[in-house]
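Please look over the structure below with the following points in mind. They are written for someone opening it for the first time.

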Amino acid sequence: MKNDRFLKALRREPVDATPVWLMRQAGRYLPEYRRVREQAGSFLDLCQNPELACEVTMQPLRRFDLDAAILFSDILTIPEAMGLGLHFITGEGPNFHHPVRDVAAIDNLGVPDPEDDLGYVMDAVRLIRRELDGSVPLIGFAGSPWTLATYMVEGGPSKDYRRIKALLYNEPAAMERLLGKVADAVAAYLNAQIAAGAQAVQIFDTWGGVLTPSAYRRFSLAFMERIVAGLRPAPDGERVPAILFTKGGGPWLEAIADSGCDAVGLDWTIEIGEARRRVGERVALQGNLDPAMLYARPETIREAVGGILADYGHGPGHIFNLGHGVTPEVNPDHVAALVDAVHELSPPYHAT
């Protein structure tokens with residue numbers, strides 16, 4: 001592979017510079033993405049078209065000196081394949097025609113076959129690997145069981161999570177049955193991505209931070225641990241590293257680091273130096289610039305990048321990223337400033 005900094009950093013091996021990739025590095029902030037999205041007809045049509053998904057995955061790599069590609073898809077492909085009727089409402093986001101609201105609905109859910117029901121994702125992975133031609137690694141991903149379940153039970157985005165939390169507190173065994181089915185689906189989905197060519201995987205636990213400490217461990221982390229334990233090697237026998245990212249997960253860093261994952265993704269609410277002191281050398285750390293920093297001037301972005309690199313300090317195991325995804329109104333030139341700053345400022349932290 002021409003550039004394997006990202007995979008080396010995940011294994012905490014020496015690198016010449018800190019690798020950088022960005023959550024939502026493909027998306028609405030890029031004018032070329034908006035043109036393809038219009039061509040596709042809808043966001044869901046874009047996700048389900050392997051050629052177009054490959055194209056938008058590659059777009060940020062043509063603009064920026066990124067160290068990894070991430071599959072363009074959506075975390076809600078699994079519940080959509082479960083027959084819940086995913087659709088997107090303008091100004092509101094994803095919604096389901098058939099939300100999971102009771103025990104009977106949970107029991108009726110089936111686990112989708114990733115090659116049959118989600119074959120378009122695997123086709124996209126294979127296309128992207130061919131297009132990348134060994135330039136940088138490809139990251140596959142899925143939503144965490146808890147995060148997927150929040151959408152499935154709430155029926156869409158939520159501000160108070162009242163339906164899923166009522167289910168969790170009133171019917172904890174039923175909640176665990178739902179999460180178990182989703183975890184089985186996520187594990188099968190990620191293993192299919194690995195078989196198709198994904199070289200690392202990330203689990204996005206977007207809503208884990210809304211849980212109490214005990215509920216987080218029981219209803220979110222336990223099921224991510226189950227998925228990580230069930231990941232299979234790549235077709236060539238290589239172990240595929242896993243990144244766990246819980247937004248708002250700072251209070252549980254040690255538990256996440258003990259989950260079996262290779263790296264812990266951090267949001268911007270915790271300092272990366274503190275996180276490194278807490279988890280030691282157990283895992284790599286990924287993060288964690290505030291996404292809103294991309295609205296600042298390029299020189300301010302560069303200064304903030306330098307601060308995070310200095311806070312992490314010398315040695316391997318740091319993958320630079322945002323604390324969440326790139327937002328739609330960001331100027332692409334500011335993304336370039338971030339990526340260039342990481343590569344220009346980080347080599348002294350890796351000098352022997």
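This is a predicted model: local features need pLDDT of at least 70, side-chain atom pairs count only at pLDDT 80 or more; totals for chains, interfaces and linings use all residues.

1. Residues are numbered from 1 along each chain as its sequence is written, and side-chain values use heavy atoms, with hydrogens and water left out.

2. Asn 3 lies in the segment before helix H1 (5-10), helices being DSSP runs (H or I) of at least four residues and strands runs (E) of at least two, numbered from the N terminus. Asn 3 counts as buried because its relative accessibility is 13%, the cut-off being under 20% with a 1.4 Å probe and protein chains only.

3. Leaving aside neighbours within four places in sequence, Asn 3 has contacts that include Leu 66, Asp 67 and Pro 137, where contact means heavy atoms within 4.5 Å. The side chain of Asn 3 also reaches the backbone nitrogen of Arg 5, at 3.1 Å.

4. Helices H8 (residues 145-154) and H10 (residues 172-196) pack at an angle of about 115°, with axes 9 Å apart; axes are lines fitted to C-alpha atoms over the stretch in contact, and angles run from 0 to 180 degrees between N-to-C directions. By class, their contact has 12 nonpolar, no polar and no charged residues, with Trp 146 in H8 and Leu 178 in H10 among them.

5. Strands E2 (residues 86-89) and E3 (residues 93-96) run antiparallel and are joined by four bridges, pairing being assigned if DSSP finds at least two. Ile 89 has Gly 93 in E3 as its bridge partner, and Gly 91 takes a positive phi near 80° in this hairpin, which has three residues between the strands.

Conventions: Buried means under 20% relative accessible area, exposed over 50%, partly exposed in between (1.4 Å probe, protein chains only). A polar contact is a pair of N or O atoms within 3.5 Å; within protein, one must be able to donate a hydrogen and the other to accept it, and residues adjacent in sequence count only if both atoms are side-chain atoms. Ala, Val, Leu, Ile, Met, Phe, Trp, Tyr, Cys and Pro count as nonpolar, Asp, Glu, Lys and Arg as charged, and the others, Gly among them, as polar.
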